[in-house]
Amino acid sequence: MSPTAAGPDGLVRCRWCLSTPAYRAYHDEEWGFPVADDRRLFEKICLEGFQSGLSWLTILNKRDAFRRAFAGFDFHRVAGFTEADVDRMLQDEGIVRHRGKIEAAIHNAARALELVSECGSLAAFFWRFEAPRTDEVLSAPVATSEASIALSKELKRRGWKYVGPTTMYAFMQAMGLVNDHAADCAVRAQVAEARQRFQPPQLG
């Protein structure tokens, strides 16, 4: 099966995004475009952890509820969450009510503060693991890469949770550290151009 197909508007896109308008919008406007905003990076790494065992579409449909529950993923605030906040979120039907993942997100917020103190920003740390900015296209989809394995290993060393190599590769795909749009996807060239223009933050 081809990795792409034409959407309702005739535009050729990665096939995985064609099931709903929200998924198409995410693919067209977000997935793969480089991100330097620390809050968005923290949000994505948390949501990728929540996705474990689920589809990204499930998480995307719940993203607004997650943002409300986690104070907009302001990790300075989330790091101060208490057991009362965990109990509150376990009653929130809008999110994935998994105690271990909720507690991991709070735990990771504290680790994020440590990274910012050391590196100046989360972006400066994560963009050290960027894939080369070539226009090469993978011959077949992959679930991990050398960079995602290295990123996972480093985060685990620093005490982060739910940051396995597959989870980190999905994070890298979404945040623009690699361009995995299919060769004939209409958005691939836009992402490649955005990555060429993007200036990764430097370590503080």
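# A guided tour of the predicted model

At 0% relative accessibility, Phe73 counts as buried. Phe73 lies in the loop that joins helix 4 and helix 5. Display its backbone torsions: phi is positive, at about 60 degrees, although Phe73 is not a glycine.

Remain in this loop and select Ala71, which is likewise placed between helix 4 (63-69) and helix 5 (75-78). Its phi is near 50 degrees, a positive value in a residue other than glycine. Is Ala71 buried or exposed? With a relative accessible area of 15%, Ala71 is buried, since the cut-off for that class is under 20%.

**Helix 6**

Next, select residues 83-90, which form helix 6, and colour Asp85, Val86, Met89 and Leu90, its buried residues. Look along the axis of helix 6: the buried residues fall within an arc of 140 degrees and so line one face of the helix.

**Helix 2 against helix 7**

The axes of helix 2 and helix 7 are 10 Å apart, and the two helices pack at an angle of about 150 degrees. Helix 2 and helix 7 are therefore roughly antiparallel to each other, the class for angles over 145 degrees. Their crossing is right-handed. To see the contact itself, show side chains on both helices. Helix 2 contributes Asp38, Phe42, Cys46, Gly49 and Phe50, while helix 7 contributes Lys101, Ile102, Ala105, Asn108, Ala109, Ala112 and Val116. Sorted by class, the contact of helix 2 with helix 7 comprises eight nonpolar, two polar and two charged residues.

**Asn61 in helix 3**

Move to helix 3 (residues 56-61) and select Asn61, which belongs to this helix. Asn61 counts as exposed, at 56% relative accessibility. For a distance to display, draw a line from the C-alpha of Asn61 to that of Pro141: the separation is 24 Å in space and 80 residues in sequence.

**Helix 9 across helix 10**

Now select helix 9 (residues 146-157) together with helix 10 (residues 165-175). Their axes come within 8 Å and cross at roughly 115 degrees. That angle makes helix 9 roughly perpendicular to helix 10. The crossing of helix 9 past helix 10 is right-handed. Which residues of the two helices meet? From helix 9, show Ala147, Ser148, Ile149, Leu151, Ser152, Leu155 and Lys156; from helix 10, show Pro165, Met168, Tyr169, Phe171 and Met172. The classes represented in this contact of helix 9 with helix 10 are nine nonpolar, two polar and one charged residues.

Stay on helix 10 and select Gln173, which is part of this helix. Gln173 is buried, with a relative accessible area of 16%. Between the C-alpha atoms of Gln173 and Ser148 the distance is 10.0 Å, with 25 residues separating them in sequence.

**Helix 11**

Continue to helix 11 (residues 188-197), whose buried residues are Arg188, Val191, Ala194 and Arg195. Turn the view down the axis of helix 11: these buried residues fall within an arc of 125 degrees, so they line one face of the helix. Then inspect the other side of helix 11, where Ala189 and Arg197 are exposed.

**Thr4 in strand 1**

Finish at strand 1 (residues 4-6) by selecting Thr4, which is found in this strand. How buried is Thr4? Its relative accessible area is 5%, and Thr4 is classed as buried. Show the residues that Thr4 touches, setting aside those up to four places away in sequence. They are Val12, Arg13, Cys14 and Arg15, together with Ala182, Asp184 and Cys185.

Note on methods: Residues are numbered from 1 along each chain as its sequence is written. This is a predicted model: local features need pLDDT of at least 70, side-chain atom pairs count only at pLDDT 80 or more; totals for chains, interfaces and linings use all residues. Side-chain values use heavy atoms; hydrogens and water are left out. Axes are lines fitted to C-alpha atoms, for helices over the stretch in contact, and angles run from 0 to 180 degrees between N-to-C directions. Helices (H or I, at least four residues) and strands (E, at least two) are DSSP runs, numbered from the N terminus. Angles under 35 degrees count as roughly parallel, over 145 as roughly antiparallel, 65 to 115 as roughly perpendicular and the rest as oblique. A crossing is left-handed if the near helix is turned anticlockwise from the far one by less than a right angle, and right-handed if clockwise. Contact means heavy atoms within 4.5 Å. Ala, Val, Leu, Ile, Met, Phe, Trp, Tyr, Cys and Pro count as nonpolar, Asp, Glu, Lys and Arg as charged, and the others, Gly among them, as polar. Buried means under 20% relative accessible area, exposed over 50%, partly exposed in between (1.4 Å probe, protein chains only). The arc is that of the directions from the helix axis to the C-beta atoms.
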